[in-house]
Protein chains: 2
Amino acid sequence: MDPVRIIEIKQSVFADNDREAGRIRARLKKEGTYLLNLMSSPGAGKTTTLARTVAALKNEMRIGVMEADIDSAVDAERIAAAGVRSIQLHTGGMCHLDAGMTEQGLDELGTADLDLAILENVGNLVCPAEFDTGAVKNAMILSVPEGDDKPLKYPLIFTVCDVLLVNKIDVLPYFDFDLAKVTEAALRRNPKLQVFPICAKTGEGMEPWLAWLRTQVREWIK
Amino acid sequence: MDPVRIIEIKQSVFADNDREAGRIRARLKKEGTYLLNLMSSPGAGKTTTLARTVAALKNEMRIGVMEADIDSAVDAERIAAAGVRSIQLHTGGMCHLDAGMTEQGLDELGTADLDLAILENVGNLVCPAEFDTGAVKNAMILSVPEGDDKPLKYPLIFTVCDVLLVNKIDVLPYFDFDLAKVTEAALRRNPKLQVFPICAKTGEGMEPWLAWLRTQVREWIK
(Lines give C-alpha, C1' and ligand atoms only; values in the text may rest on other atoms or scores of the structure.)
Protein backbone atom coordinates (compact mmCIF):
# COMPACT_ATOMS: atom_id res chain seq x y z
CA MET A 1 0.00 0.00 0.00
CA ASP A 2 1.28 3.47 -0.84
CA PRO A 3 1.73 5.74 2.15
CA VAL A 4 -1.29 8.00 2.64
CA ARG A 5 -0.97 11.63 1.77
CA ILE A 6 -0.77 13.98 4.76
CA ILE A 7 -1.95 17.54 4.21
CA GLU A 8 -1.06 20.29 6.67
CA ILE A 9 -4.10 22.54 6.57
CA LYS A 10 -3.87 26.19 7.52
CA GLN A 11 -6.20 28.36 9.55
CA SER A 12 -8.82 29.96 7.41
CA VAL A 13 -8.62 33.49 6.13
CA PHE A 14 -12.38 33.85 5.75
CA ALA A 15 -14.15 36.16 8.16
CA ASP A 16 -17.62 34.83 7.40
CA ASN A 17 -17.58 31.05 7.90
CA ASP A 18 -21.29 30.56 7.16
CA ARG A 19 -21.03 32.29 3.80
CA GLU A 20 -17.96 30.23 2.92
CA ALA A 21 -19.79 27.04 3.95
CA GLY A 22 -22.73 27.96 1.73
CA ARG A 23 -20.34 28.53 -1.18
CA ILE A 24 -18.83 25.06 -0.67
CA ARG A 25 -22.27 23.40 -0.64
CA ALA A 26 -23.19 25.18 -3.87
CA ARG A 27 -19.96 23.99 -5.48
CA LEU A 28 -20.57 20.40 -4.31
CA LYS A 29 -24.16 20.47 -5.57
CA LYS A 30 -22.91 21.57 -8.98
CA GLU A 31 -20.21 18.88 -9.00
CA GLY A 32 -22.64 16.20 -7.81
CA THR A 33 -20.70 15.35 -4.66
CA TYR A 34 -22.38 14.82 -1.28
CA LEU A 35 -20.28 15.85 1.73
CA LEU A 36 -20.94 14.29 5.15
CA ASN A 37 -19.30 15.69 8.30
CA LEU A 38 -18.83 13.04 11.02
CA MET A 39 -18.15 14.16 14.57
CA SER A 40 -17.71 12.51 17.99
CA SER A 41 -15.59 12.34 21.13
CA PRO A 42 -12.14 10.78 20.82
CA GLY A 43 -12.46 7.02 20.67
CA ALA A 44 -16.20 6.80 19.99
CA GLY A 45 -15.51 4.77 16.84
CA LYS A 46 -15.56 7.24 13.94
CA THR A 47 -12.90 5.45 11.91
CA THR A 48 -14.29 1.95 12.53
CA THR A 49 -17.77 3.16 11.54
CA LEU A 50 -16.40 4.82 8.40
CA ALA A 51 -14.31 1.80 7.41
CA ARG A 52 -17.39 -0.41 7.60
CA THR A 53 -19.58 2.19 5.86
CA VAL A 54 -17.26 2.69 2.90
CA ALA A 55 -16.63 -1.04 2.55
CA ALA A 56 -20.41 -1.57 2.30
CA LEU A 57 -21.00 1.25 -0.20
CA LYS A 58 -17.85 1.41 -2.33
CA ASN A 59 -19.24 -0.75 -5.13
CA GLU A 60 -22.36 1.41 -5.43
CA MET A 61 -20.81 4.88 -5.39
CA ARG A 62 -17.46 6.63 -5.67
CA ILE A 63 -16.24 7.59 -2.18
CA GLY A 64 -13.38 9.65 -0.77
CA VAL A 65 -12.54 10.27 2.88
CA MET A 66 -10.71 13.08 4.68
CA GLU A 67 -9.38 12.11 8.10
CA ALA A 68 -8.72 15.14 10.28
CA ASP A 69 -6.42 14.76 13.25
CA ILE A 70 -3.99 16.83 15.20
CA ASP A 71 -1.28 14.26 14.62
CA SER A 72 -0.61 10.78 13.14
CA ALA A 73 -1.89 9.17 9.92
CA VAL A 74 -3.29 5.94 11.37
CA ASP A 75 -6.90 6.75 10.51
CA ALA A 76 -6.30 7.52 6.84
CA GLU A 77 -4.30 4.30 6.57
CA ARG A 78 -7.25 2.32 7.98
CA ILE A 79 -9.65 3.92 5.49
CA ALA A 80 -7.27 3.34 2.58
CA ALA A 81 -7.12 -0.30 3.65
CA ALA A 82 -10.93 -0.41 3.39
CA GLY A 83 -10.50 0.34 -0.29
CA VAL A 84 -11.37 3.99 -0.93
CA ARG A 85 -9.41 7.16 -1.58
CA SER A 86 -8.27 8.71 1.65
CA ILE A 87 -6.14 11.61 2.81
CA GLN A 88 -5.04 12.70 6.26
CA LEU A 89 -5.54 16.34 7.26
CA HIS A 90 -3.36 17.68 10.03
CA THR A 91 -4.94 20.64 11.78
CA GLY A 92 -1.78 22.01 13.39
CA GLY A 93 -3.27 21.70 16.87
CA MET A 94 -6.66 23.17 15.90
CA CYS A 95 -9.58 21.50 17.65
CA HIS A 96 -12.04 21.63 14.75
CA LEU A 97 -12.39 22.29 11.04
CA ASP A 98 -14.18 25.28 9.62
CA ALA A 99 -15.39 25.75 6.04
CA GLY A 100 -12.12 27.15 4.71
CA MET A 101 -10.11 24.30 6.22
CA THR A 102 -12.58 21.76 4.83
CA GLU A 103 -12.25 23.25 1.37
CA GLN A 104 -8.45 22.89 1.51
CA GLY A 105 -9.09 19.21 2.21
CA LEU A 106 -11.64 18.87 -0.60
CA ASP A 107 -9.20 20.43 -3.06
CA GLU A 108 -6.46 18.00 -2.04
CA LEU A 109 -8.82 14.99 -2.06
CA GLY A 110 -10.26 15.92 -5.44
CA THR A 111 -14.05 15.71 -5.58
CA ALA A 112 -14.90 15.97 -9.32
CA ASP A 113 -15.08 12.16 -9.66
CA LEU A 114 -16.71 11.46 -6.27
CA ASP A 115 -20.35 10.86 -5.35
CA LEU A 116 -19.69 10.90 -1.62
CA ALA A 117 -16.96 12.69 0.34
CA ILE A 118 -16.76 12.17 4.08
CA LEU A 119 -14.96 14.38 6.57
CA GLU A 120 -13.98 12.70 9.82
CA ASN A 121 -13.68 15.73 12.07
CA VAL A 122 -11.29 16.07 15.04
CA GLY A 123 -12.41 13.99 18.05
CA ASN A 124 -14.18 16.62 20.12
CA LEU A 125 -17.83 17.13 21.16
CA VAL A 126 -17.52 20.87 21.59
CA CYS A 127 -15.69 22.93 18.99
CA PRO A 128 -16.52 21.09 15.73
CA ALA A 129 -20.23 21.65 16.45
CA GLU A 130 -19.71 25.41 16.26
CA PHE A 131 -18.51 25.51 12.66
CA ASP A 132 -20.44 24.82 9.48
CA THR A 133 -17.93 22.91 7.33
CA GLY A 134 -19.95 23.15 4.13
CA ALA A 135 -21.19 19.57 4.56
CA VAL A 136 -24.65 18.68 3.26
CA LYS A 137 -25.43 16.91 6.54
CA ASN A 138 -23.78 16.34 9.92
CA ALA A 139 -23.65 13.01 11.73
CA MET A 140 -22.34 12.27 15.19
CA ILE A 141 -21.42 9.16 17.11
CA LEU A 142 -22.06 8.67 20.80
CA SER A 143 -20.60 5.43 22.12
CA VAL A 144 -22.15 3.46 24.96
CA PRO A 145 -19.12 3.73 27.32
CA GLU A 146 -19.32 7.54 27.21
CA GLY A 147 -22.57 7.48 29.16
CA ASP A 148 -26.15 8.51 28.54
CA ASP A 149 -25.85 12.02 30.01
CA LYS A 150 -24.12 13.53 26.98
CA PRO A 151 -27.17 15.26 25.45
CA LEU A 152 -27.44 17.20 28.73
CA LYS A 153 -23.80 18.23 28.83
CA TYR A 154 -22.96 18.86 25.18
CA PRO A 155 -26.23 20.22 23.82
CA LEU A 156 -24.99 22.01 20.69
CA ILE A 157 -23.64 19.01 18.82
CA PHE A 158 -26.96 17.16 19.23
CA THR A 159 -28.72 20.23 17.85
CA VAL A 160 -26.61 20.64 14.70
CA CYS A 161 -26.55 16.97 13.71
CA ASP A 162 -29.00 15.17 11.46
CA VAL A 163 -27.96 11.69 12.55
CA LEU A 164 -26.95 10.19 15.89
CA LEU A 165 -25.18 6.85 15.66
CA VAL A 166 -25.17 5.18 19.08
CA ASN A 167 -22.10 2.96 18.73
CA LYS A 168 -20.66 0.01 20.69
CA ILE A 169 -24.06 -1.46 21.54
CA ASP A 170 -22.27 -4.82 21.93
CA VAL A 171 -21.03 -3.65 25.35
CA LEU A 172 -24.43 -2.45 26.61
CA PRO A 173 -24.49 -5.26 29.22
CA TYR A 174 -21.31 -3.93 30.85
CA PHE A 175 -22.25 -0.25 31.19
CA ASP A 176 -24.99 1.76 32.88
CA PHE A 177 -26.34 3.16 29.64
CA ASP A 178 -30.03 3.62 29.02
CA LEU A 179 -30.60 3.69 25.26
CA ALA A 180 -34.23 4.85 25.60
CA LYS A 181 -33.17 7.67 27.93
CA VAL A 182 -30.40 8.92 25.64
CA THR A 183 -32.68 8.75 22.61
CA GLU A 184 -35.37 10.73 24.40
CA ALA A 185 -32.88 13.35 25.66
CA ALA A 186 -31.30 13.69 22.20
CA LEU A 187 -34.71 14.05 20.51
CA ARG A 188 -35.63 16.72 23.06
CA ARG A 189 -32.57 18.67 21.86
CA ASN A 190 -33.37 17.99 18.23
CA PRO A 191 -36.70 16.38 17.22
CA LYS A 192 -35.48 15.81 13.63
CA LEU A 193 -32.51 13.70 14.70
CA GLN A 194 -32.33 10.21 13.14
CA VAL A 195 -31.07 7.77 15.79
CA PHE A 196 -29.37 4.52 14.71
CA PRO A 197 -27.99 2.11 17.36
CA ILE A 198 -25.01 0.28 15.83
CA CYS A 199 -21.98 -1.80 16.57
CA ALA A 200 -19.37 -0.79 14.00
CA LYS A 201 -17.05 -3.55 15.17
CA THR A 202 -19.51 -6.41 14.50
CA GLY A 203 -21.68 -4.68 11.88
CA GLU A 204 -24.89 -4.96 13.95
CA GLY A 205 -27.50 -2.34 13.07
CA MET A 206 -25.55 -0.84 10.17
CA GLU A 207 -28.23 -1.36 7.50
CA PRO A 208 -30.67 1.46 8.49
CA TRP A 209 -27.75 3.89 8.62
CA LEU A 210 -26.46 2.75 5.22
CA ALA A 211 -29.98 3.08 3.80
CA TRP A 212 -30.25 6.64 5.12
CA LEU A 213 -26.87 7.58 3.60
CA ARG A 214 -27.66 5.91 0.28
CA THR A 215 -30.91 7.90 -0.02
CA GLN A 216 -29.16 11.13 0.96
CA VAL A 217 -26.48 10.76 -1.71
CA ARG A 218 -28.99 9.68 -4.37
CA GLU A 219 -31.24 12.70 -3.71
CA TRP A 220 -28.31 15.13 -3.72
CA ILE A 221 -26.57 14.03 -6.89
CA LYS A 222 -29.63 13.31 -9.07
CA MET B 1 -29.66 18.30 49.70
CA ASP B 2 -29.48 21.98 48.77
CA PRO B 3 -29.32 22.64 45.03
CA VAL B 4 -25.72 23.14 43.89
CA ARG B 5 -24.59 26.61 43.01
CA ILE B 6 -24.18 27.26 39.29
CA ILE B 7 -21.70 29.95 38.29
CA GLU B 8 -21.72 31.43 34.79
CA ILE B 9 -18.06 32.18 34.15
CA LYS B 10 -16.98 34.79 31.66
CA GLN B 11 -14.23 34.80 29.09
CA SER B 12 -10.99 36.08 30.53
CA VAL B 13 -9.74 39.58 30.05
CA PHE B 14 -6.10 38.65 30.59
CA ALA B 15 -3.82 38.79 27.57
CA ASP B 16 -1.05 36.75 29.19
CA ASN B 17 -2.55 33.48 30.43
CA ASP B 18 0.76 32.03 31.64
CA ARG B 19 1.47 35.03 33.85
CA GLU B 20 -2.07 34.90 35.26
CA ALA B 21 -1.67 31.15 35.93
CA GLY B 22 1.59 31.78 37.77
CA ARG B 23 -0.14 34.43 39.88
CA ILE B 24 -2.89 31.95 40.83
CA ARG B 25 -0.33 29.30 41.86
CA ALA B 26 1.48 31.86 44.04
CA ARG B 27 -1.82 32.80 45.69
CA LEU B 28 -2.69 29.14 46.31
CA LYS B 29 0.76 28.42 47.73
CA LYS B 30 0.34 31.30 50.16
CA GLU B 31 -3.16 30.12 51.15
CA GLY B 32 -2.03 26.51 51.50
CA THR B 33 -4.42 25.13 48.87
CA TYR B 34 -3.38 22.57 46.28
CA LEU B 35 -5.19 22.85 42.93
CA LEU B 36 -5.48 19.82 40.66
CA ASN B 37 -6.76 20.16 37.07
CA LEU B 38 -8.42 16.98 35.80
CA MET B 39 -8.95 16.55 32.05
CA SER B 40 -10.29 13.85 29.71
CA SER B 41 -12.59 13.11 26.79
CA PRO B 42 -16.32 13.27 27.42
CA GLY B 43 -17.42 10.16 29.28
CA ALA B 44 -13.99 8.88 30.34
CA GLY B 45 -15.10 8.89 33.97
CA LYS B 46 -13.87 12.17 35.47
CA THR B 47 -16.81 12.61 37.83
CA THR B 48 -16.91 8.97 38.96
CA THR B 49 -13.15 9.09 39.62
CA LEU B 50 -13.51 12.35 41.54
CA ALA B 51 -16.47 11.11 43.57
CA ARG B 52 -14.47 8.08 44.69
CA THR B 53 -11.33 10.16 45.27
CA VAL B 54 -13.01 12.75 47.48
CA ALA B 55 -14.97 10.10 49.38
CA ALA B 56 -11.66 8.38 50.21
CA LEU B 57 -9.82 11.56 51.25
CA LYS B 58 -12.47 13.81 52.77
CA ASN B 59 -11.74 12.79 56.36
CA GLU B 60 -8.02 13.52 55.95
CA MET B 61 -8.17 16.90 54.22
CA ARG B 62 -10.59 19.70 53.37
CA ILE B 63 -11.65 19.39 49.73
CA GLY B 64 -13.65 21.49 47.28
CA VAL B 65 -14.53 20.69 43.68
CA MET B 66 -15.32 22.87 40.67
CA GLU B 67 -17.24 21.05 37.93
CA ALA B 68 -16.90 22.78 34.58
CA ASP B 69 -19.44 22.01 31.88
CA ILE B 70 -21.08 23.73 29.00
CA ASP B 71 -24.48 22.91 30.43
CA SER B 72 -26.27 20.99 33.23
CA ALA B 73 -25.40 20.62 36.94
CA VAL B 74 -25.46 16.84 37.21
CA ASP B 75 -21.74 16.52 37.94
CA ALA B 76 -21.68 19.02 40.80
CA GLU B 77 -24.69 17.26 42.30
CA ARG B 78 -22.84 13.92 42.20
CA ILE B 79 -19.80 15.43 43.92
CA ALA B 80 -21.94 17.14 46.55
CA ALA B 81 -23.56 13.76 47.21
CA ALA B 82 -20.04 12.37 47.85
CA GLY B 83 -19.83 14.78 50.75
CA VAL B 84 -17.61 17.71 49.77
CA ARG B 85 -18.18 21.32 48.76
CA SER B 86 -18.94 21.56 45.08
CA ILE B 87 -19.93 24.19 42.56
CA GLN B 88 -20.85 23.95 38.90
CA LEU B 89 -19.11 26.28 36.44
CA HIS B 90 -20.89 26.96 33.16
CA THR B 91 -18.49 27.99 30.44
CA GLY B 92 -21.02 29.57 28.10
CA GLY B 93 -20.08 27.20 25.29
CA MET B 94 -16.31 27.58 25.80
CA CYS B 95 -14.39 24.34 25.25
CA HIS B 96 -11.81 24.82 27.99
CA LEU B 97 -10.90 26.88 31.05
CA ASP B 98 -8.00 29.28 31.15
CA ALA B 99 -6.40 30.80 34.23
CA GLY B 100 -8.77 33.76 34.49
CA MET B 101 -11.83 31.52 34.24
CA THR B 102 -10.37 29.15 36.83
CA GLU B 103 -9.81 32.03 39.22
CA GLN B 104 -13.46 33.09 38.90
CA GLY B 105 -14.31 29.54 39.97
CA LEU B 106 -11.83 29.56 42.87
CA ASP B 107 -13.28 32.84 44.12
CA GLU B 108 -16.80 31.42 44.05
CA LEU B 109 -15.76 28.11 45.63
CA GLY B 110 -13.77 29.84 48.35
CA THR B 111 -10.33 28.30 48.93
CA ALA B 112 -9.11 29.86 52.20
CA ASP B 113 -10.32 26.87 54.23
CA LEU B 114 -9.40 24.16 51.67
CA ASP B 115 -6.34 21.91 51.46
CA LEU B 116 -7.29 20.53 48.06
CA ALA B 117 -9.30 22.14 45.28
CA ILE B 118 -10.03 20.13 42.15
CA LEU B 119 -11.09 21.48 38.79
CA GLU B 120 -12.93 19.04 36.56
CA ASN B 121 -12.26 20.61 33.18
CA VAL B 122 -14.61 20.45 30.17
CA GLY B 123 -14.62 16.99 28.52
CA ASN B 124 -12.20 17.55 25.65
CA LEU B 125 -8.74 16.15 24.83
CA VAL B 126 -7.66 19.12 22.75
CA CYS B 127 -8.34 22.64 23.98
CA PRO B 128 -7.96 22.27 27.78
CA ALA B 129 -4.40 21.03 27.23
CA GLU B 130 -3.45 24.36 25.69
CA PHE B 131 -4.21 26.50 28.73
CA ASP B 132 -2.38 26.64 32.06
CA THR B 133 -5.23 26.98 34.58
CA GLY B 134 -2.98 27.84 37.51
CA ALA B 135 -3.21 24.28 38.85
CA VAL B 136 -0.23 22.83 40.71
CA LYS B 137 -0.49 19.64 38.65
CA ASN B 138 -2.52 18.29 35.74
CA ALA B 139 -4.05 14.83 35.62
CA MET B 140 -5.84 13.18 32.73
CA ILE B 141 -8.04 10.13 32.32
CA LEU B 142 -7.97 7.85 29.31
CA SER B 143 -10.65 5.17 29.44
CA VAL B 144 -10.22 1.72 27.94
CA PRO B 145 -13.13 2.02 25.44
CA GLU B 146 -11.50 5.10 23.85
CA GLY B 147 -8.69 2.95 22.45
CA ASP B 148 -4.94 2.75 22.87
CA ASP B 149 -4.05 5.05 19.96
CA LYS B 150 -4.81 8.28 21.82
CA PRO B 151 -1.18 9.23 22.70
CA LEU B 152 -0.51 9.25 18.94
CA LYS B 153 -3.50 11.39 18.07
CA TYR B 154 -3.70 13.84 20.96
CA PRO B 155 -0.05 14.35 21.87
CA LEU B 156 -0.25 17.65 23.73
CA ILE B 157 -2.45 16.54 26.62
CA PHE B 158 -0.11 13.62 27.39
CA THR B 159 2.78 16.08 27.41
CA VAL B 160 1.28 18.60 29.82
CA CYS B 161 -0.08 16.09 32.34
CA ASP B 162 1.71 14.71 35.39
CA VAL B 163 -0.64 11.78 35.88
CA LEU B 164 -2.44 9.45 33.47
CA LEU B 165 -5.30 7.49 35.00
CA VAL B 166 -6.25 4.61 32.69
CA ASN B 167 -9.88 4.10 33.71
CA LYS B 168 -12.50 1.36 33.15
CA ILE B 169 -9.98 -1.48 33.35
CA ASP B 170 -12.93 -3.70 34.35
CA VAL B 171 -13.95 -3.81 30.68
CA LEU B 172 -10.47 -4.66 29.32
CA PRO B 173 -11.70 -8.14 28.27
CA TYR B 174 -14.30 -6.58 25.93
CA PHE B 175 -12.07 -4.13 24.05
CA ASP B 176 -8.96 -4.26 21.90
CA PHE B 177 -6.89 -2.17 24.28
CA ASP B 178 -3.24 -2.90 24.98
CA LEU B 179 -2.35 -1.38 28.36
CA ALA B 180 1.39 -1.95 27.88
CA LYS B 181 1.27 -0.29 24.46
CA VAL B 182 -0.61 2.79 25.67
CA THR B 183 1.70 3.16 28.66
CA GLU B 184 4.77 2.95 26.44
CA ALA B 185 3.34 5.45 23.92
CA ALA B 186 2.33 7.86 26.69
CA LEU B 187 5.76 7.64 28.34
CA ARG B 188 7.39 8.32 24.98
CA ARG B 189 5.39 11.58 24.88
CA ASN B 190 6.22 12.34 28.50
CA PRO B 191 8.76 10.25 30.43
CA LYS B 192 7.75 11.83 33.77
CA LEU B 193 4.11 10.76 33.48
CA GLN B 194 2.77 8.67 36.39
CA VAL B 195 0.46 5.98 35.02
CA PHE B 196 -2.23 4.47 37.26
CA PRO B 197 -4.64 1.85 35.85
CA ILE B 198 -7.93 2.13 37.75
CA CYS B 199 -11.58 1.25 37.73
CA ALA B 200 -13.36 4.18 39.33
CA LYS B 201 -16.66 2.29 39.32
CA THR B 202 -15.39 -0.65 41.41
CA GLY B 203 -12.49 1.10 43.18
CA GLU B 204 -9.84 -1.23 41.76
CA GLY B 205 -6.36 0.30 41.62
CA MET B 206 -7.33 3.56 43.34
CA GLU B 207 -4.82 3.32 46.21
CA PRO B 208 -1.61 4.26 44.31
CA TRP B 209 -3.40 7.28 42.82
CA LEU B 210 -4.72 8.34 46.24
CA ALA B 211 -1.21 7.93 47.70
CA TRP B 212 0.25 10.13 44.96
CA LEU B 213 -2.38 12.83 45.55
CA ARG B 214 -1.97 12.67 49.35
CA THR B 215 1.80 13.21 49.03
CA GLN B 216 1.31 16.04 46.56
CA VAL B 217 -1.07 17.93 48.85
CA ARG B 218 1.08 17.32 51.94
CA GLU B 219 4.23 18.63 50.23
CA TRP B 220 2.44 21.71 48.85
CA ILE B 221 0.71 22.87 52.02
CA LYS B 222 3.45 22.13 54.57
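A salt bridge is counted here when a side-chain nitrogen of Lys or Arg lies within 4 Å of a carboxyl oxygen of Asp or Glu. The model is predicted, and by that rule the side chains of A:Lys153 and B:Asp75 meet in a salt bridge, with 2.8 Å from N to O. A salt bridge also pairs A:Asp75 with B:Lys153, whose closest N and O atoms are 2.8 Å apart; because A:Asp75 lies in helix H3 of chain A and B:Lys153 in helix H5 of chain B, this pair joins two chains. Both partners count as buried, A:Asp75 at 1% relative accessibility and B:Lys153 at 7%.

The interface that holds these pairs takes 33 residues from chain A and 33 residues from chain B, and the area buried between the two chains is about 2,500 Å², of which carbon and sulfur atoms give 58%. A:Pro42, A:Lys153 and A:Tyr174 supply 23% of the area that chain A buries against chain B, more than any other three residues. Across the interface there are 3 salt bridges and 6 residue pairs in polar contact. On the side of chain A that touches chain B, the elements giving two or more residues are helix H3 (74–81) and helix H5 (150–153), and the largest share, 3 residues, comes from H5(A). The residues of that side divide into 15 nonpolar, 7 polar and 11 charged.

Helix H3 of chain A deserves a further look. Its buried residues are A:Asp75, A:Ala76 and A:Ile79, and because they cover an arc of only 95° around the axis, they lie on the same side of H3(A). These buried residues pack against helix H2 (46–57), strand E3 (63–69), strand E4 (85–90) and strand E5 (116–120) of chain A, together with helix H5 (150–153) of chain B. Just after H3(A), A:Gly83 takes a positive phi of about 100°.

Over all chains, the structure holds 35 salt bridges. Among them, B:Arg23 pairs with B:Glu103, the closest N and O atoms being 2.7 Å apart, and this pair links distant parts of the chain, 80 residues apart, with B:Arg23 in helix H1 and B:Glu103 in helix H4 of chain B. B:Arg23 is partly exposed, with a relative accessible area of 41%, whereas B:Glu103 is buried, at 10%. Another salt bridge joins B:Arg188 to B:Glu184 at 2.8 Å between the closest N and O atoms; these two residues both lie in helix H7 of chain B, 4 residues apart, about one turn of the helix.

Definitions and conventions. Residues are numbered from 1 along each chain as its sequence is written. Chains are lettered from A and ligands numbered from 1 in the order in which they are written. This is a predicted model: local features need pLDDT of at least 70, side-chain atom pairs count only at pLDDT 80 or more; totals for chains, interfaces and linings use all residues. Side-chain values use heavy atoms; hydrogens and water are left out. Contact means heavy atoms within 4.5 Å. Buried area is the accessible area (1.4 Å probe) that two parts lose on being put together, summed over both. A polar contact is a pair of N or O atoms within 3.5 Å; within protein, one must be able to donate a hydrogen and the other to accept it, and residues adjacent in sequence count only if both atoms are side-chain atoms. Ala, Val, Leu, Ile, Met, Phe, Trp, Tyr, Cys and Pro count as nonpolar, Asp, Glu, Lys and Arg as charged, and the others, Gly among them, as polar. Buried means under 20% relative accessible area, exposed over 50%, partly exposed in between (1.4 Å probe, protein chains only). The arc is that of the directions from the helix axis to the C-beta atoms.
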